[in-house]
Amino acid sequence: MVTGLVGVGDSVAYTNPTMGQGVAMALWAARWVARHAGAATDPASFAAEYHRWLARALRPWFDAQVAADRANAAQLADPARASAEPPTAAARERAALSACAHDDPTVMRARAKARHLVLTADQAYGTQEVRARLAHWLDAHPDFTPAYDGPARAEWESALGHASESAPEHTNSAARTPE
Ligand SMILES: Cc1cc2nc3c(=O)[nH]c(=O)nc-3n(C[C@H](O)[C@H](O)[C@H](O)COP(=O)(O)OP(=O)(O)OC[C@H]3O[C@@H](n4cnc5c(N)ncnc54)[C@H](O)[C@@H]3O)c2cc1C
């Protein structure tokens, strides 16, 4: 922790751009700084207080993103293995949330709150109401299993290799010298 220097935005917490939450996190931190800087009495206690707030307010979103990225990376590295292992009940519930949200407005509202940083995923999906709706959805879809519909990285790279070997050479005909 450095005193006398206040970082906001990506300089304090960088999350995966695909989640589209970096600007919200940057503005959230900037608002905290704007609201508290005027009343600060000394740089060290201000920095310490800001650090505690960051750990409480932004860290959960960062940690959730890291966990999601790790799970995605494992699946992309070896999807066949990932889908060959029988899913745990918790993994099946987690995976069902997205599909269930598209059928159930209560679960979709919870999803929106988690995606828009209003509540953490645990808070949004942990209510009795959402858990009951999810259980009901899983009862109605007994065959549901977490599925991954993409190729493994090695298959993807091999397909790209074949595609570039068989593709015709691209030339700019307008720039060709007439024969
Ligand atoms: C591809 C992509 C897509 C994204 N999509 C979304 C999205 O849909 N929704 C969302 O909320 N977030 C998104 N993000 C994240 C979001 O852009 C960042 O979280 C946000 O811009 C962080 O703001 P910032 O001010 O901290 O940093 P930045 O926006 O990166 O601003 C830092 C600025 O400092 C300048 N700079 C760097 N070094 C120096 C220097 N030495 N001197 C002077 N200036 C310097 C840079 O040029 C830059 O302009 C995306 C990020 C990427 C990369």
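This is a predicted model: local features need pLDDT of at least 70, side-chain atom pairs count only at pLDDT 80 or more; totals for chains, interfaces and linings use all residues.

Biologist: How many helices and strands does the protein chain have?

Modeller: Helices (H or I, at least four residues) and strands (E, at least two) are DSSP runs, numbered from the N terminus. The protein chain has 9 helices and 0 strands.

Biologist: What share of the protein chain counts as buried?

Modeller: A residue is buried if 20 or more other C-beta atoms, placed from the backbone, lie within 10 Å of its own, exposed if 12 or fewer, and partly exposed in between. Here 12% of the 179 residues count as buried.

Biologist: At what angle do helix 5 and helix 8 pack?

Modeller: Axes are lines fitted to C-alpha atoms, for helices over the stretch in contact, and angles run from 0 to 180 degrees between N-to-C directions. Angles under 35 degrees count as roughly parallel, over 145 as roughly antiparallel, 65 to 115 as roughly perpendicular and the rest as oblique. Helix 5 (residues 89–103) and helix 8 (residues 128–140) pack at about 90°, with axes 10 Å apart, so helix 5 is roughly perpendicular to helix 8. Two residues are in contact if their C-beta atoms, placed from the backbone, lie within 7 Å. Helix 5 contributes E93, A96, L97, C100 and D103 to the contact, and helix 8 contributes L134, W137 and L138.

Biologist: Why is helix 6 called oblique to helix 8?

Modeller: Helix 6 (residues 105–115) packs against helix 8 at an angle of about 125°, their axes being 9 Å apart; therefore helix 6 is oblique to helix 8. T106, V107 and A110 of helix 6 meet E129, V130, R133 and L134 of helix 8.

Biologist: Where does L117 lie, and is L117 buried or partly exposed?

Modeller: L117 is in the loop between helix 6 and helix 7 (121–125). L117 counts as partly exposed because 16 C-beta neighbours lie inside 10 Å. Although L117 is not a glycine, its phi is positive, at about 65°.

Biologist: Which residues surround the ligand?

Modeller: A residue is near a molecule if its C-beta atom, placed from the backbone, lies within 6 Å of it. The ligand is surrounded by G9, D10, S11, P17, G20, Q21, G22, V23, A24 and A26.

Technical notes:
Residues are numbered from 1 along each chain as its sequence is written.
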